[in-house]
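Reader: Could you walk me through the aromatic rings here and tell me what the labels rest on?

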Amino acid sequence: MIEVFLLIAWVVIFSVIVAATYKLQHSIKEQKKQGNDDKADSLQTSQNWFYALIVIGSVCGIGILYLFLKGTIYESHFFEWLNLTVRLIHITFGIAWIGASFYFVFLENALNRTENVRDELAGNLWAVHGGGFYYVEKYKLAPKKIPKHLHWFKYEAYFTWLSGFCLLSIVYYFNASSYLIDPEVLDILPSTAIAISISSLIIGWVLYDQICKRLSNNKVVFTLAITALVFLFAWFYSQVFSGRAAYIHFGAFLGTLMAANVFFTIIPGQKRMVAAAKKGLPPNPADGKAAFLRSYTNNYFTLPVLFVMISNHFPSTFGNTYQWLVLIGITLGTAGVKHYLNIREKGELSVWVMPISVVILFGMAFMTAPTPPKYENCQEIVSFTEVQTIINNRCTACHSSNPTDDVWKVAPNGVKYDTAEQIYNLRDKIFQRVVVSKNMPFNNNQTLMTQEERDMINCWINQGAPK
């Protein structure tokens, strides 16, 4: 019954919020027509808060829907589609944000700063794209008159982080005992793991922010301090969470730094610069300098974050015994590639950055290679029937057309091992998950697959996977 009352209350409140948003939009247009720009700006701020309430209200609506479906056959289906929807939103905004980061760093690096550049400009750039020609100018501080229509790049960052945190909650917080915790790493309660997760993001931002404020004047010291901080959190997460969760949390850590840079430093600084220019005062150069520093560090975090976003599909990385070293190596390698691209855009040349980055990435590939089989040195031929028996006993509780697992009511990722043909066709996936990363069976080896069984599958693969 309480679910019904909550639903009615939600419908009423959400309707009022939406109606108020449309009313504010109408008022903003009227104020602009009358030339009351200051009043319009004030109303726009209020409307932004109402937009935030719409987002919060939508999340509450999803929660109420969950109350109706909890304990029914539709619960797992609800989470699957919620996961899909939020993941799509996260990827979409992430592409927009990272794309903007790539573009503006390219723009900064490629500016013409010498030929026919007016005194008030830092540089300009001619470009052609999509059948049209574009001309972009960058001011040293601000134009003499701020244009009426000024686009702000911020919502891409905000919604990427919000959707990412929602995804973290859906996948790892709601299923903490299965996804977040590995008793062999650290046996803790789900509530403790979630508290560590959230507090680590806050602590990470505070430490990073202090490094930026106190050490940014010395480029070498600043770079070393940021690198040490990143290494520390990569190691820390591997000591607390499951391998998969450790990687995702590392990405969440970097993503939090990036979004917080935008929210706490870049946008407030730009607002102060715009406000000063509107009053005819010179903007504070420190605001522009701080925003530039944070934007540039964000740019170097992009490729490591993108790797983390796809890492869950490659268990040889997060399933490795030294997963944190693999994570650090790939972070260094991808950041090095980004640095090479940045200096190339400036027209400069470095003969060592790209080769070293590639060597590091190849080193990680070598480090994650599978170990030789140990099952009696593979002297005995392992038959497909033996492998099928292992799969049926250890894997089909989840990976079946009719799973019997308490959590999975639908085969994860559509992977099924009901028939011999399905098992044989997915032998490479089985090898990666069971032998290389050993992160299957799921939920910390809930079906108790033995090392001998893993070795038998290893030998079967190395013997050519005979049918």
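Author: Here is a short chat about ring pairs and the terms used for them.

Author: This is a predicted model, where local features need pLDDT of at least 70, side-chain atom pairs count only at pLDDT 80 or more, and totals for chains, interfaces and linings use all residues. Residues are numbered from 1 along each chain as its sequence is written, and side-chain values use heavy atoms, leaving out hydrogens and water.

Reader: Why are W161 and F165 called stacked?

Author: Rings of Phe, Tyr and Trp (its six-membered ring) pair if their centres lie within 6.5 Å; planes under 30 degrees apart are stacked, over 60 edge-to-face, and the rest tilted. The centres of W161 and F165 are 5.3 Å apart and their planes sit at 10°, so the pair is stacked.

Reader: What makes W161 partly exposed?

Author: Its relative accessibility is 30%, and partly exposed lies between buried (under 20% relative accessible area) and exposed (over 50%), with a 1.4 Å probe and protein chains only. F165, at 25%, also counts as partly exposed.

Reader: Why is Y247 called buried?

Author: Y247 has 1% relative accessibility, so it counts as buried. F318 is buried too, with a relative accessible area of 2%.
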